[in-house]
Amino acid sequence: INVVKNGHKSGKQLYKCKDCDRQFVSGRRINPHDVERDYIDGKQTLVQLSAKYGVCVKTIWNLLGSMRHKRIISKDKDVIVEMDATYWGRHFGIIVIKDAYRNKVLWYKFIRSHERVADYIEGVDWLRAQGFKIHGAVCDGIKGLFDALYPIPVQMCQFHMISIVRRYLTNKPDLDAAKDLLLLTRTLAMSSKADFMSKLSGWHTQYESVLKEKSVDAYGKKHFMRPRLRSAYLSLIRHSPWLWTFEKFKDRTIPNTNAGIESFNSRLKTTLRIHSGITSERRIKLIENFIATHY
């Protein structure tokens with residue numbers, strides 16, 4: 001091996017093999033997986049990684065951009081799944097289907113606008129094609145999804161239901177009927193179906209006249225005076241068949257919330273927030289690497 005006389009800019013020597021003409025630099029080589037781990041878990045910036053490994057920022061950027069990960073298919077085929085979507089802005093998001101108890105991401109799909117029922121069914125069909133048996137699903141209240149997943153037992157996330165009611169009523173409603181309904185809804189995750197529906201029926205009996213109260217506009221048309229209160233109440237009634245599915249299938253231990261996938265979304269968003277400003281392509285690679293190394 002012959003040493004080339006001109007030195008490397010970092011102080012290292014450049015070598016050349018006489019047999020194959022291959023050139024290489026002396027010293028320890030950078031392991032791309034170490035760079036990836038420091039970038040994602042260590043939450044280090046490109047400048048910090050450049051100083052740590054003694055190379056320019058562009059080299060670090062190229063190492064991160066060249067990484068590829070294969071989607072690993074879980075060997076545990078009997079699953080109860082959690083499914084949800086999360087977004088970054090209006091035109092980029094990801095749908096994730098996750099094993100509720102083994103903490104594994106089973107399937108994911110990047111989306112450009114809003115989530116659709118067809119996207120979730122695509123994921124379920126893919127899981128079935130890979131031999132998975134889905135014994136239950138936990139999801140939010142996207143319209144049409146419950147019926148589309150039949151005959152899989154579906155549990156609507158009770159925290160999502162509370163959020164829907166709070167969105168209609170706000171956190172600090174002025175009306176007594178709204179205050180009582182919000183207070184009752186916040187006990188949803190701690191109540192059985194019989195107990196909660198009994199209390200909801202009592203609330204309706206007490207405030208039925210308030211729900212039905214109407215006003216007349218300038219054109220003589222009648223309108224309900226409190227449409228948001230009605231919407232909150234009717235939303236509880238409409239979703240009630242799926243809010244306590246876990247009580248019917250106690251042998252399957254179906255979770256009553258999507259807490260597991262919400263935790264995943266929170267960690268993923270925290271990681272991406274640190275590395276804000278990257279392109280969509282880089283963001284996709286970062287998300288894929290995050291999933292591959294953590295789940």
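The structure is a predicted model, in which local features need pLDDT of at least 70 and side-chain atom pairs count only at pLDDT 80 or more, whereas totals for chains, interfaces and linings use all residues. Residues are numbered from 1 along each chain as its sequence is written, and side-chain values use heavy atoms, with hydrogens and water left out. The chain has a mean pLDDT of 87, with 92% of its residues at 70 or more, pLDDT being the predictor's confidence in each residue on a scale from 0 to 100.

**Confidence**
- Confidence in the chain is lowest in strand β1 (residues 2-3), with a mean of 47, and highest in helix α7 (residues 176-185), with 97; helices (H or I, at least four residues) and strands (E, at least two) are DSSP runs numbered from the N terminus.
- Across residues 1-10 the pLDDT is below 50, and this stretch has 16 contacts in the model beyond near neighbours in sequence, a contact meaning heavy atoms within 4.5 Å.
- Where pLDDT is low, the predicted coordinates should not be read in detail.

**Packing of helix α1**
- Helix α1 (residues 32-40) packs against helix α2 (residues 46-53) at an angle of about 140°, with their axes 10 Å apart; axes are lines fitted to C-alpha atoms, for helices over the stretch in contact, and angles run from 0 to 180 degrees between N-to-C directions.
- That angle makes α1 oblique to α2, given that angles under 35 degrees count as roughly parallel, over 145 as roughly antiparallel, 65 to 115 as roughly perpendicular and the rest as oblique.
- In this contact, Asp-34, Val-35, Asp-38 and Tyr-39 of α1 meet Leu-46, Leu-49, Lys-52 and Tyr-53 of α2.
- The residues of the contact of α1 with α2 comprise five nonpolar, no polar and three charged, where Ala, Val, Leu, Ile, Met, Phe, Trp, Tyr, Cys and Pro count as nonpolar, Asp, Glu, Lys and Arg as charged, and the others, Gly among them, as polar.
- Helix α1 also packs with helix α12 (residues 280-294), at an angle of about 100° and with the axes 11 Å apart, which makes α1 roughly perpendicular to α12.
- Here Glu-36, Tyr-39 and Ile-40 in α1 meet Leu-286, Asn-289, Phe-290, Thr-293 and His-294 in α12, and the residues of this contact divide into four nonpolar, three polar and one charged.

- The axes of helix α8 (residues 193-212) and helix α9 (residues 227-243) come within 12 Å and cross at roughly 150°, which makes α8 roughly antiparallel to α9.
- Residues of α8 that meet α9 include Phe-196, Leu-200, Trp-203 and His-204, and their counterparts in α9 include Leu-229, Tyr-233 and Ile-237; the contact as a whole divides into ten nonpolar, two polar and two charged residues.
- Trp-203 and Tyr-207 both lie in α8, four residues apart, about one turn of the helix.
- Eight aromatic pairs are counted under the rule that rings of Phe, Tyr and Trp (its six-membered ring) pair if their centres lie within 6.5 Å, with planes under 30 degrees apart counted as stacked, over 60 as edge-to-face and the rest as tilted.
- The rings of Trp-203 and Tyr-207 have their centres 5.5 Å apart and their planes at 45°, so this pair is tilted.

**Backbone features**
- Most residues other than glycine have a negative phi, and most peptide bonds are trans.
- Tyr-150 and Pro-151 are joined by a cis peptide bond, with omega about 15°, and Pro-151 is placed in the loop between α5 (145-148) and β8 (154-156).
- Asn-103, although not a glycine, has a positive phi of about 60°, and Asn-103 lies in the loop between β5 (93-99) and β6 (105-111).
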